[in-house]
Amino acid sequence: MKVIILSIANYKEKDGIITAISEDESLSFLVRGLFDPKSKNAALNNPTTVVDIELVKKNGKYPNLESYSLVSSPYLLRSDLKRLSAIQVLLEATLKLVIEEERFYLYQDLNDALSALKVGVDPNSVVLMYLARVLKVNGYVFSINKCTVCGTKNDIVAFSFYDGGFLCKEHLGEAKADLSIEQMLLLRNVFGSSIYSSIEKMNEENAAALLMKFDEYIKDSFGVNMKSFDLFLK
Ligand SMILES: [Zn+2]
């Protein structure tokens, strides 16, 4: 079974518990020697590693790792700080914004996002698109083709997370539009696309403006302060 490792906790001495997601479930399993540098299993002590695992049921609470083969490791990105900090955003969003039982719905997206980072797709685009998917898994759907209030496609002047998508001039009312037309079009791509490699590269200024908007909304709606954004936006 192929899984993406999400988090790692100490168990007994050098053993650990790994929480992970597969295509079908969120799961936890016991790994002998996870914290023993001499053990083959120590290679799994690294979130976002993708592995093919065999588990066996024993008497304890968790199934035990019997064997594994490595599919991909984030260590390959070691020297690239922007990409490494992008991985931290993906991980923090998955762990803090989605309840454990539902995390596995993000398996394919997380897998695609990690692969996209590895082959050099723009980290800003990957992160924003993944955040949009995380919101979707939580049931937040946004109108990205027309005014969310009246349905008009004319005079679209703003995007509001709180109103549920785009707003026309009339329905924005007195409020001030805080994104440029270009940024709203990027946001439409971020919400509308499902193929990570297909979104266009965005410049740092646009990415920062969009991430700030996500950041504010995540704080308000989830009560979560995304620490990984700080490093990512540097
Ligand atoms: Zn309207």
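Author: Happy to! Let's begin with a term: a residue is buried if 20 or more other C-beta atoms lie within 10 Å of its own, exposed if 12 or fewer, and partly exposed in between, with the C-beta atoms placed from the backbone. By that rule, Ala207, Leu210, Phe214 and Ile218 are buried in α6.

Two notes on the model itself. It is a predicted model, in which local features need pLDDT of at least 70, side-chain atom pairs count only at pLDDT 80 or more, and totals for chains, interfaces and linings use all residues. Residues are numbered from 1 along each chain as its sequence is written.

Now back to α6. The buried residues Ala207, Leu210, Phe214 and Ile218 cover an arc of only 80° around the axis, which puts them on the same side of α6. The arc is that of the directions from the helix axis to the C-beta atoms.

How long is α6? The expected span of a helix is 1.5 Å times one less than its number of residues. After α6 comes glycine 223, which has a positive phi near 65°.

What covers the buried residues of α6? The cover includes α1 (81–97), α3 and α5. Contact here is meant in a set sense: the C-beta atoms of two residues, placed from the backbone, lie within 7 Å.

Let's visit two of these neighbours. Helix α3 is mostly covered, with 13 of its 15 residues buried. From its first C-alpha to its last, α3 reaches 21 Å, close to the 21 Å expected at 1.5 Å a residue. Glycine 139 follows α3 and has a positive phi, near 90°. In the loop between α2 (107–118) and α3 you will find valine 119. Valine 119 counts as exposed because it has 8 C-beta neighbours inside 10 Å.

Helix α5 covers residues 181–192, and its 12 residues should span 16 Å; the end C-alpha atoms are 16 Å apart, which agrees. Its buried residues are Leu186, Leu187, Val190 and Phe191. These cover an arc of only 135° around the axis, which puts them on the same side of α5. Their cover includes α3 (123–137), β6 (156–160) and α6 (204–222).

That brings in a strand, β6. Two strands pair if DSSP finds at least two bridges between them. Strand β6 pairs with β7 (residues 165–168) in the antiparallel sense, over 4 bridges. The two strands form a hairpin with 4 residues between them, and glycine 164 in the turn has a positive phi of about 100°. Across the pair, phenylalanine 159 stands opposite phenylalanine 166 in β7.

Finally, a step back to the chain. It has 7 helices and 7 strands, and buried residues make up 33% of its 234 residues.
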